[in-house]
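Q: Hi, I'm new to this one. Please walk me through it.

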Amino acid sequence: MTRLRRHRTLSAAQKARELHPQELIRVGGWERYFEAPGNLWLEIGTGKDTHIIERSRKFPESYHVGIEVTRKKFEMILRKADALLSEHGTTSDNLRFLNADAFQAVDACFAENSLAGAFILFPDPWPKKRHAGRRLLQKSFLQLVAGKLSPGAILEIRTDDPIYAVQARDALNEIPILNPLTDNGSWVHEPMNPEDHVETLFESKFRKRGLKIHHFYLSKVEE
Ligand SMILES: C[S@@+](CC[C@H](N)C(=O)[O-])C[C@H]1O[C@@H](n2cnc3c(N)ncnc32)[C@H](O)[C@@H]1O
């Protein structure tokens with residue numbers, strides 16, 4: 001009981017990584033929020049996975065923002081960020097998380113042409129037709145994300161689900177401002193740059209089950 005109660009409360013350091021959209025709006029956007037210039041990377045649907053935390057350590061000169069809609073997973077990722085970054089003695093203050101629904105937050109919080117890159121890693125496929133509106137890998141949402149990427153920025157998508165991969169490919173084919181970087185114009189089953197690749201929790205689970213991963217790499221057209 002005591003343990004449960006203690007875990008429900010976030011420490012000041014953990015809370016400090018939570019970003020409230022009103023705060024962003026108040027200061028006038030990301031560049032003012034972080035004060036020093038730098039590239040901004042976004043991950044949509046982090047769950048409790050550490051991919052973005054690892055990237056924030058690997059690229060300390062860039063800024064990294066994760067969006068997660070579920071409060072419980074969001075608080076877990078705040079705790080993990082604090083624990084992992086303290087363990088490694090990380091000093092750069094370049095990582096924030098938004099507890100929000102990406103369908104609203106991406107548009108409200110990021111200016112057009114402002115992101116150096118975005119990740120959507122193992123989004124829920126929502127296979128039932130009546131839930132189709134919740135799929136992140138649909139044209140309207142991918143188009144919204146594409147608009148937020150700066151010219152030349154990368155969108156990386158991963159899914160284990162072959163049906164969702166086909167839906168994603170078809171939606172991406174209808175977005176002319178995104179160019180596939182893969183030779184076949186759709187997905188590949190291995191990471192394009194293994195040295196930069198950070199495996200996620202879901203990815204490791206699926207790989208151990210022998211499932212094929214579909215990796216998409218796209219770049220926003222240069223103007
Ligand atoms: C299957 S999990 C994958 C987590 C992690 N990316 C990984 O690969 O291990 C998908 C996550 O996306 C989150 N999610 C789904 N829809 C979302 C939305 N509209 N906005 C923000 N997060 C969302 C879910 O709550 C869940 O944590």
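A: Happy to! Let's start with a helix pair: helix 7 and helix 8 cross in a left-handed way (the near helix is turned anticlockwise from the far one by less than a right angle). This is a predicted model, where local features need pLDDT of at least 70, side-chain atom pairs need 80 or more, and totals for chains, interfaces and linings use all residues. Numbering starts from 1 along each chain as its sequence is written.

Q: At roughly what angle do helix 7 and helix 8 cross?
A: Roughly 25°, with their axes coming within 10 Å; axes are lines fitted to C-alpha atoms over the stretch in contact, with angles from 0 to 180 degrees between N-to-C directions. The two helices are therefore roughly parallel (under 35 degrees).

Q: Which residues meet there?
A: Phe 103, Val 106 and Asp 107 from helix 7 meet Phe 141, Leu 144, Val 145 and Lys 148 from helix 8 (C-beta atoms, placed from the backbone, within 7 Å). That contact has five nonpolar, no polar and two charged residues.

Q: New topic: how many residues surround the ligand?
A: There are 20, and the closest are Gly 45, Gly 47, Asp 49, Ala 102 and Thr 200 (a C-beta, placed from the backbone, within 6 Å counts as near).

Q: Which helix gives the most to that shell?
A: Helix 10, with three residues. Strand 2 (63–68), helix 7 (102–109) and helix 10 (201–208) each supply at least two.

Q: And how many helices and strands are in the protein chain?
A: It has 10 helices and seven strands, as DSSP runs of at least four residues (H or I) and at least two (E), numbered from the N terminus.

How values were computed: Parallel < 35°, antiparallel > 145°, perpendicular 65-115°, else oblique. Contact = placed C-beta atoms within 7 Å. Nonpolar A, V, L, I, M, F, W, Y, C, P; charged D, E, K, R; others polar.
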